[in-house]
Amino acid sequence: MINSEVGNLIREFSSPVLTSAGKKYIGLDLSSARRVASEVGISVREVEIAALELEIIPVRYFRNIDSLGVSGQSRLLLSSVAVVGAGGLGGLVIELLARMGVGNIIIIDGDRFTEDNLNRQILCREDDIDRLKAEVGAQRVRAINSAIEVTPHPIFLTGDNAVDLLGASQVVVDALDRISVRILLEKVIGEMNIPMVHGAIGGFLGQVTTVMPGSNILSSLYDGQTAELARGVESVLGTPTVTPAVIAALEVMEVIKLILGRGTLLQDGLLYLELENAIFSRINLKM
Amino acid sequence: MKIQVHLYGAFRSSAPSPSFSREISEGMTVKDLMNSLHLPDPVYRMALINDIRVKEGTLLRNGDEVHIFQPVGGG
């Protein structure tokens with residue numbers, strides 16, 4: 001329930017705006033949201049949640065709203081997503097989640113940036129080398145969208161800490177770079193009953209799938225090869241710049257569909273992308 | 001005996017067409033098929049038969065649909 005003082009102030013500071021589709025919405029811009037927040041003593045996040053409840057759209061979401069709807073945007077803002085790995089895939093996933101307006105982002109990565117990350121890891125600038133990826137990611141999220149609550153965990157996910165780290169999340173994103181940890185994560189989310197979106201890259205190849213709790217698609221896929229396959233074909237093909245951007249966008253789209261309960265999820269198989277030949281294939285996989 | 005083969009990624013060019021049917025002899029395994037196609041480095045290749053992940057020693061059977069691709073794991 002929105003406090004009437006907050007509601008009245010939001011209405012007072014908002015104004016009608018036309019979106020690109022020519023639809024008329026009532027909008028609340030960032031400086032007004034900040035003013036309401038400071039006058040009432042609440043966060044910008046709380047102001048945005050209240051505004052959406054009143055069908056008043058924070059201007060930052062204007063270009064989302066015709067596709068998501070007001071209730072969809074509101075649901076995203078109230079949702080919580082954990083991103084495991086804040087490297088090539090994870091950095092882009094984090095960036096996209098923040099811009100989509102996913103309201104709670106948990107970032108798990110114990111690693112620090114190195115110079116060879118600069119080719120593809122959007123969170124990494126020259127000045128960020130040696131900094132903790134999770135901390136840089138959180139800083140980036142706050143700079144993009146102050147209405148988001150971001151929790152950085154600068155530690156590596158293990159069987160011992162996974163439940164604590166992932167407990168608050170509604171969806172988990174696998175943006176790891178080691179097959180053995182991906183399989184561990186699949187087991188944990190099964191036990192915790194949380195859906196997970198998996199993405200992986202190697203050279204100009206990439207794959208995406210959504211893992212529902214109880215599915216063991218990743219362990220089936222990598223069955224019997226975990227020892228030799230600590231890493232996949234990226235060990236010999238590297239991880240060039242463009243591949244994570246495509247796979248991260250597909251992963252975030254799966255997250256959106258899971259949270260909003262719409263569209264068709266990529267389940268029971270892989271979407272396998274060969275960017276060099278511009279071929280996207282669906283490879284079915286039974287467990 | 002006849003099987004259907006689908007090749008992905010770098011393996012596409014290992015046959016005149018990436019999807020083809022092929023006669024096989026009794027006792028032929030996935031590994032035999034991969035070797036006959038000269039697919040590189042056994043660590044970075046993976047096969048599914050009729051949508052189920054199989055090991056390379058698996059025997060091929062008439063009517064099998066085989067998908068061979070390179071697993072990726074980077075992030």
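This is a predicted model: local features need pLDDT of at least 70, side-chain atom pairs count only at pLDDT 80 or more; totals for chains, interfaces and linings use all residues.
Local features in it need pLDDT of at least 70, side-chain atom pairs count only at pLDDT 80 or more, and totals for chains, interfaces and linings use all residues. Residues are numbered from 1 along each chain as its sequence is written, while chains are lettered from A and ligands numbered from 1 in the order in which they are written.

**Domains of chain A**

- Chain A is divided into domain 1 (4–61) and domain 2 (79–284), with bounds that come from an automatic or database domain assignment.
- The C-alpha centres of domain 1 and domain 2 of chain A are 32 Å apart.
- Five residues from domain 1 of chain A and seven residues from domain 2 of chain A make up the contact between them; two residues are in contact if their C-beta atoms, placed from the backbone, lie within 7 Å.
- On the domain 1 side, that contact has two nonpolar, no polar and three charged residues. Ala, Val, Leu, Ile, Met, Phe, Trp, Tyr, Cys and Pro count as nonpolar, Asp, Glu, Lys and Arg as charged, and the others, Gly among them, as polar.

**Helices H1 and H3 of chain A**

- The axes of H1 (residues 4–13) and H3 (residues 44–53) of chain A come within 10 Å and cross at roughly 80°. Helices (H or I, at least four residues) and strands (E, at least two) are DSSP runs, numbered from the N terminus.
- H1(A) and H3(A) are therefore roughly perpendicular to each other, a term for angles of 65 to 115 degrees.
- A:Val6, A:Gly7 and A:Ile10 of H1(A) meet A:Val47, A:Ala50 and A:Ala51 of H3(A). This contact has five nonpolar, one polar and no charged residues.

**Interface of chains A and B**

- Chain B gives 17 residues and chain A gives 37 residues to their contact.
- On the chain B side, strands E4 (52–54) and E5 (65–69) are the elements that give two or more residues.
- By class, the chain B side has eight nonpolar, six polar and three charged residues.

- A:Ile179 and A:Gly232 are 53 residues apart in sequence and 7.6 Å apart in space, C-alpha to C-alpha.
- A:Gln170 sits in the loop between helix H7 (162–166) and strand E7 (171–174) of chain A.
- With 16 other C-beta atoms within 10 Å, A:Gln170 is partly exposed, a class between buried and exposed (12 or fewer).
- Not counting residues up to four places away in sequence, A:Gln170 touches A:Ser79, A:Ser80, A:Val81 and A:Ile259.

Methods: Axes are lines fitted to C-alpha atoms, for helices over the stretch in contact, and angles run from 0 to 180 degrees between N-to-C directions. Angles under 35 degrees count as roughly parallel, over 145 as roughly antiparallel, 65 to 115 as roughly perpendicular and the rest as oblique. A residue is buried if 20 or more other C-beta atoms lie within 10 Å of its own, exposed if 12 or fewer, and partly exposed in between; C-beta atoms are placed from the backbone.
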